[in-house]
Amino acid sequence: MKITAVVPHVVVQRLDQPFGMSQWLWDVRASCLVEILTDEGVIGWGECFGPAEANRALIESVYAPLLVGRDAGEQVALWEAMYNRSREWGRKGISITAISGVEIALWDIAGKAAGLPVHRLLGGSAPESVSGYASAFYYAGPWDGDLEGEAAHLLAAGYTAFKMKVGGRPVDEDVRRVRRVRSALGADVRLAVDANRGFTAAEAIRFGRAVAGEDLWFFEEPVLPEDLDAYTQVRAALDVPIAGGESEFTRWGFRDFLARGPVDILQPDATACGGIRETLLIAGMASAHGIPTMPHVWGSAITVAAGLHLMTALPTAVPSMARERPHVELDQAPNLIRDELSDLACGPVMTVPDGPGLGIEIDRSVIERHRP
Ligand code: CA
């Protein structure tokens with residue numbers, strides 16, 4: 001089955017109420033979706049993390065010409081051809097996010113060609129259900145500081161696991177926010193925090209000690225990903241599990257990250273780190289270090305579906321991860337690109353799609369409606 005075209009589609013959603021984390025506010029959601037067409041009429045869909053127009057430009061100008069005319073089933077060779085073409089100036093960032101979107105679309109094609117869901121191709125064990133955790137309690141956003149109101153809303157929606165933003169206010173203010181959210185949610189649910197690289201090591205440690213009584217699930221991206229000394233200082237000083245990895249790329253980047261031992265939970269993103277297979281290679285390496293992988297998920301229905309399939313095939317060498325495995329991040333700010341793009345139902349209880357490929361039907365009218 002030959003690839004006849006690789007078509008990146010940029011989709012954009014303008015937000016009435018910007019929402020944010022420690023680094024910036026989003027007033028627009030944009031994503032680059034990847035459509036790959038073949039000479040047998042099978043079409044695959046993928047998605048790239050990061051700046052949509054930059055991903056589109058890179059795919060159109062650099063990667064698509066390498067792929068057209070090649071056998072869509074040669075996933076490894078195609079990945080290596082793309083990586084090798086950009087290695088000289090790439091290796092991290094947009095060069096890899098663009099490859100990731102293409103790679104996911106090739107899995108969709110492989111599954112459709114075989115008449116099997118991607119999780120079967122991966123040798124995964126699809127659980128009865130997968131828990132979605134609510135990524136919420138942003139700075140600004142629709143709830144704009146009404147932490148108790150947002151907590152009540154999410155609990156009523158059935159969520160039992162949550163993540164909130166920290167690292168964007170003075171430490172004492174973030175400590176008060178965490179205590180308010182924990183108090184509003186109650187003691188029986190999981191609550192994680194995500195600093196999005198917003199603290200210094202000293203601040204992260206002060207914050208972590210101050211909220212030590214809040215029984216946090218994990219503490220995500222406490223410090224800058226370039227500063228692995230800071231990561232290891234924070235991890236050594238605190239009891240809460242440290243998570244990170246969404247800002248790292250490929251097996252080579254994660255090799256160096258893991259060698260320094262900065263996290264308790266690894267969070268590669270399949271739409272960023274190189275794709276589904278690359279995430280499994282990274283998760284295998286993490287497993288050999290005794291570190292469980294809980295992939296980062298941020299994007300449209302394509303990203304969530306890829307995350308669900310991937311979740312079934314992660315190594316569970318760490319016993320506790322057999323309990324942790326079925327959790328997929330679900331961003332709670334308005335996300336039409338996710339909620340309208342396909343028939344995939346996103347919520348506190350989800351099922352891994354069982355149709356061929358990624359197992360979702362893409363509604364092209366949504367892409368048309370959300371063009372830039
Ligand atoms: Ca994060």
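A residue is called buried here when its relative accessible area is under 20%, exposed when that area is over 50%, and partly exposed in between, with a 1.4 Å probe and protein chains only. Residues are numbered from 1 along each chain as its sequence is written. The model is a predicted one, in which local features need pLDDT of at least 70 and side-chain atom pairs count only at pLDDT 80 or more, while totals for chains, interfaces and linings use all residues; side-chain values rest on heavy atoms, with hydrogens and water left out.

In domain 1, 42 residues are in contact with 47 residues of domain 2, where contact means heavy atoms within 4.5 Å. The size of an interface is often given as the accessible area lost when the parts come together. For domain 1 and domain 2 the buried area is about 3500 Å², and carbon and sulfur atoms give 65% of it. This buried area is the accessible area, found with a 1.4 Å probe, that two parts lose on being put together, summed over both. On the domain 1 side, R29, F49 and W107 lose the most area to domain 2, together 18% of what that side buries.

Helices (H or I, at least four residues) and strands (E, at least two) are DSSP runs numbered from the N terminus, and two strands pair if DSSP finds at least two bridges between them. Strand β1 (residues 3–20) pairs with strand β2 (residues 25–38) in the antiparallel sense, over 13 bridges. A hairpin of four residues joins β1 to β2, and V10 has C32 in β2 as its bridge partner. Strand β1 also runs antiparallel to strand β5 (residues 139–140), to which two bridges join it. There, G20 stands opposite Y139 in β5.

Next comes the calcium ion. Its protein donors are D194 (OD), E220 (OE) and E246 (OE), which lie 2.1 to 2.3 Å from the ion. Donors are N, O and S atoms within 2.8 Å of the metal (3.2 Å for Na, K and Ca), and sites may look incomplete because water is not among the atoms. Along the chain, the donors follow the spacing D-x25-E-x25-E. Within this set, D194 in strand β7 (residues 190–194) and E246 in the loop between β9 (242–244) and α9 (250–259) are 52 residues apart, a pair that links distant parts of the chain. Both D194 and E246 are buried.

Side chains of opposite charge can pair when their charged atoms come close. A salt bridge is counted when a side-chain nitrogen of Lys or Arg is within 4 Å of a carboxyl oxygen of Asp or Glu. The structure holds 24 salt bridges, and three are found across the interface of domain 1 and domain 2. E340 and R369 form a salt bridge with their closest N and O atoms 2.9 Å apart.

R56 and E53 form a salt bridge whose closest N and O atoms are 2.7 Å apart; both residues lie in helix α1 (residues 52–67), three residues apart, about one turn of the helix. R56 is partly exposed at a relative accessible area of 26%, and E53 is partly exposed at 38%. In the salt bridge between E329 and K163, the closest N and O atoms are 3.0 Å apart. E329 lies in strand β11 (residues 327–331) and K163 in strand β6 (residues 161–165), so this pair ties together parts that are 166 residues apart in sequence. Both E329 and K163 are buried. D172 and R206 form a salt bridge as well, with the closest N and O atoms 3.2 Å apart. This pair links helix α6 (residues 171–185), which holds D172, to helix α7 (residues 201–210), which holds R206, across 34 residues of the chain. D172 is partly exposed, with a relative accessible area of 46%, and R206 counts as partly exposed at 46%. Salt bridges that share partners also join K163, K165, D194, E220 and E329 into one network.
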